[in-house]
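Here is a short briefing on one protein model. Look at the sequence and the structure first, then read the points below.

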Amino acid sequence: MAVDSAISSPLGPPACEKDAKALRFIEEMTRNADPVQERVLSDILTQNSQTEYLRRFKLNGASDRDSFKSKLPVITYEDLQPEIQRIANGDRSAILSAHPISEFLTSSGTSAGERKLMPTIKEELDRRQLLYSLLMPVMNLYVPGLDKGKGLYFLFVKSETRTPGGLLARPVLTSYYKSEHFKTRPYDPYNVYTSPNEAILCPDSFQSMYTQMLRGLQDRHQVLRVGAVFASGLLRAIRFLQLNWRQLSQDIETGTLNQKVTDPSLRECMGKILKPDPELARFVRHECSKESWEGIITRIWPNTKYLDVIVTGAMAQYIPTLDYYSGGLPKACTMYASSECYFGLNLNPMCKPSEVSYTIMPNMAYFEFLPHDPNSAGFTRDSPPKLVDLVDVEIGKEYELVITTYAGLCRYRVGDILRVTGFHNSAPQFHFVRRKNVLLSIDSDKTDEAELQKAVENASRLLREFNTSVVEYTSYADTKTIPGHYVIYWELLVKDAANSPTDDVLKQCCLAMEESMNSVYRQGRVADNSIGPLEIRVVRNGTFEELMDYAISRGASINQYKVPRCVNFTPIMELLDSRVVSTHFNPALPHWTPERRR
Ligand code: AMP
């Protein structure tokens, strides 16, 4: 029930005192977006005034916007590479941040094939936690009664490594789930998960998923929301259920735990919870053995009010499949965040996916916006970019996000393109348009054009001894399979038909391409099983010319026509697929280990 109107919020009546406080905080931050931003910048510059980085640019202790903007360059990860390498190698001096770098967060964005390393400091955990603490108070405005049940969330940790200098390097969510902030979080009736911490923290993805699914099935009537971080993660869980429901039902029937779950802490914790439940086992078998899995989520978890998964950006490709499995349940995209910094939240989380806008919280970092002109060649030393402050962005315009963080990233280009859709008080709200330079993405992998080109080059070397070359290629992220996979269309020039490459050779080409992909892709293939084997579809000679004819018939200029290196427009896909002469997969896994290659 809503609390009394004395503490009501412009966002709506809060569900409880705690929510009222959180909503007041959002109001305060968004009303005072500009002064908050000014304070954040001044805090960061004061805190880091003696760092090597700020001294290099002769800030001389200044903490005002004008000095900052006139002296500090706008940079990318590559510009910071030397500093990051020194920190990774063990240099503990104040290079970027006055506070010690506590660990590296490994981004799904890559540089030279390896995850980017984002330095972070301890206090950033508090900032991330603060943003998390705002999500349920907002959700409670739209969905009442979430304190009467549980959330079935599929959450996972990934492997971690140490840099040569001994710092931990791991994904931001792994860092968060392993923190005391998460592990010893106080009980909150609005945030009760079916998954025990032991299951979330189990590094083996099968054992972790198995027990999380088992717990979800046990609590099926209490589950009010089902989620994962990204849409691809939730679909992976559904696929897991398809593959494992027999064993899961068996465990439920007998009250015992699959021997494949060997982790002692998991066995101990599940041992206390598992009781024989033949009726539930019968139900699971009955539902899962039906031929159609349409609406399976609401059949098994009938009280689910919404799916909590990100379906914006690259994840939008999964909306139809999620709708199929959930009977069109609302899909809530609650927050927008990255390894570099957590940015903000969706103040209207039950809106349609196409209408999702994220409100950047001005207390998280200092935000600037680089007007995005898709036709411009970029900026040079002579024509430096004009960055716009958070409160000065204009509705309808697109910008690239640039951040300055407490951990020491200064005017750092994140690579996300955002469009302003409106304002909440004086804080702008953004539609996530896309990430720059990403051609293909299935899960958290992001493959750019250069990486794809390199992969095709490497693989096509195997064709030389068959006097065959790849004359043209394009690609497509096929998400109709679970997990999704990359499809690469090849048009080949076979000079000696009697010695043309066999299926075996083309299978080797599939693997050679995968070996050339960045480590996030290979980890998805090997450790997370979140990406299926890459497929090569060989198309008939002349197909790419037909593709060009089609583009020209639709108005493309013949002089400027370039083969698209990624396609997703249905008529083009249909044209390509109708010209396929052979398809090739290689189930073998590419090489991947948690260790970085350099
Ligand atoms: P990572 O550095 O691996 O944590 O990835 C962060 C990136 O994921 C962001 O810079 C975005 O490109 C993308 N991302 C994060 N949250 C969202 C969201 N809510 N919608 C779309 N893309 C997102």
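**A helix, a buried glutamate and a ligand**

Aspartate 448 caps the N-terminal end of helix H16, with a side-chain oxygen 3.1 Å from the backbone nitrogen of alanine 450. Helices here are DSSP runs of H or I with at least four residues, strands are runs of E with at least two, and both are numbered from the N terminus. This is a predicted model: local features need pLDDT of at least 70, side-chain atom pairs count only at pLDDT 80 or more, and totals for chains, interfaces and linings use all residues. Residues are numbered from 1 along each chain as its sequence is written, and side-chain values use heavy atoms, with hydrogens and water left out.

**Helix H16**

- H16 covers residues 449-460, twelve residues in all. From first C-alpha to last it reaches 16 Å, close to the 16 Å expected at 1.5 Å a residue. That expected span is 1.5 Å times one less than the number of residues.
- The buried residues of H16 are Glu451, Leu452, Ala455, Val456, Ala459 and Ser460. Buried means under 20% relative accessible area, exposed over 50%, and partly exposed in between (1.4 Å probe, protein chains only).
- Seen down the axis of H16, these buried residues fall within an arc of 160 degrees, so they line one face of the helix. The arc is taken from the directions from the helix axis to the C-beta atoms.
- The buried residues of H16 pack against strands S1 (103-111), S17 (468-478) and S18 (485-494), and against helix H17 (503-516). Contact means heavy atoms within 4.5 Å.

**Glutamate 103**

- Glutamate 103 lies in strand S1. Glutamate 103 is buried, with a relative accessible area of 7%.
- Its side chain makes a polar contact of 2.6 Å with the side chain of arginine 170. Another, of 2.9 Å, joins the side chains of glutamate 103 and serine 175.
- A polar contact is a pair of N or O atoms within 3.5 Å; within protein, one must be able to donate a hydrogen and the other to accept it, and residues adjacent in sequence count only if both atoms are side-chain atoms.

**The ligand**

- A polar side-chain atom of serine 108 lies 2.5 Å from an oxygen atom of the ligand. For serine 107, the distance from such an atom to a ligand oxygen is 3.1 Å.
- Threonine 312 places a polar side-chain atom 2.6 Å from a nitrogen atom of the ligand.
- Taken alone, the ligand exposes 500 Å², and the protein buries 90% of that. Accessible areas come from the Shrake-Rupley method with a 1.4 Å probe; for residues, only the protein chains shown count as cover.
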